[in-house]
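Study the sequence and the structure shown below, then work through the exercises in order.

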Amino acid sequence: MTDLKQAGRFPLADRSVTRMGYGAMQLAGPGVFGPPKDRGAALAVLRAAVEAGVDHIDTSDFYGPHITNQLIREALHPYPRDLVIVTKVGAVRGADASWNPAQSPAELARAVHDNLRNLGLDVLDVVNLRLMGDVHAPSEGSIEAPFTALAELQRQGFIRHLGLSNATPAQVAQAQGIAKVVCVQNHYNLAHRADDVFIDDLARQGIAYVPFFPLGGFTPLQSGILSKVAARLEATPMQVALAWLLARSPNILLIPGTSSLAHLRENLTAASLALPADALSELDGIGRPAG
Ligand SMILES: NC(=O)c1ccc[n+]([C@@H]2O[C@H](COP(=O)([O-])OP(=O)(O)OC[C@H]3O[C@@H](n4cnc5c(N)ncnc54)[C@H](OP(=O)(O)O)[C@@H]3O)[C@@H](O)[C@H]2O)c1
């Protein structure tokens, strides 16, 4: 049985969570749209994650849409007291599976209520505002209007804590002038290191950084160096990629996504994989910005 304790813990909102969590996006159908091909397997993955000690699950009502949250509810409700469910708002899905910005106060309120209903909750633990200036990477622009609308929903008691996703440091600073920010969820992994400086700054502030696509996302990471280091440590490349993130900074919380029980178990085992200094420095070379 994997011991997740070895991953350590970090504060998230008003609690502390194990740094090895789970991202539920892969549970919906292909393209994160429609039902999973094997509903029973999706429910089993969620239950196995929590049984193994995962106490931080990342989701959104725009996965499916609605379906991933409904699976979480069916598998885990009533939720364990120590489980933190983090969701995100700011987009809606088109009938063609497209991802479209939805950041007006009315759209954000609708999204919060959709999450509450589909997760079966009276209040959401953490809601990230998913910025959509550029769908694939953070881009500058004021977030005052949508973040103020979410802060109002928080004041009304529907949300405990707020975070941001796909955000720049300037946008996080702007949000902090409106309400407390407890986490930032951006694209980051061994090969995609644009947020290196940002992560360290958030660590100094005690704010959790939650990389999405920790394994490379829809196209899992491939690297000769990663494979070589993994073979030497008798681990898999995905385990080494996760262990590298755990070693990278104490404020990094992992939410690797999978629809497979075997992959879930493989990924959770990375909690106890300590990377020796020579492996860390080889891995650092994969995505370190040039210069
Ligand atoms: N804020 C945002 O904009 C945003 C964007 C994307 C994701 N997210 C969140 O971040 C979480 C993680 O991202 P992600 O799920 O997209 O990507 P990921 O964790 O980087 O990788 C998931 C992909 O890797 C595969 N995989 C997982 N474990 C594996 C293993 N041990 N061996 C081989 N392949 C493996 C999965 O396929 P199988 O299902 O076959 O295992 C899936 O294709 C999501 O679940 C979601 O909660 C947030």
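The model is predicted: local features need pLDDT of at least 70, side-chain atom pairs count only at pLDDT 80 or more, and totals for chains, interfaces and linings use all residues. Residue numbers start from 1 along each chain as its sequence is written.

**Exercise 1.** Determine which residues come nearest to the ligand.

Solution. A residue is near a molecule if its C-beta atom, placed from the backbone, lies within 6 Å of it. The ligand has 28 residues around it, and the nearest are Gly23, Met25, Leu215, Gly257 and Thr258. Next, sort the shell by type: eleven residues are nonpolar, 13 polar and four charged. Here Ala, Val, Leu, Ile, Met, Phe, Trp, Tyr, Cys and Pro count as nonpolar, Asp, Glu, Lys and Arg as charged, and the others, Gly among them, as polar.

**Exercise 2.** Locate the cis peptide bonds at Pro65 and Pro78.

Solution. Begin with the bond between Gly64 and Pro65, where omega is about -15 degrees. Then take the bond between His77 and Pro78, where omega is about 0 degrees. As a general rule, most peptide bonds are trans.

**Exercise 3.** Is Glu234 buried or exposed?

Solution. First recall the cut-offs: a residue is buried if 20 or more other C-beta atoms, placed from the backbone, lie within 10 Å of its own, exposed if 12 or fewer, and partly exposed in between. Glu234 has 8 C-beta neighbours inside 10 Å, so Glu234 counts as exposed. Finally, note the backbone: phi of Glu234 is near 55 degrees, a positive value in a residue other than glycine.
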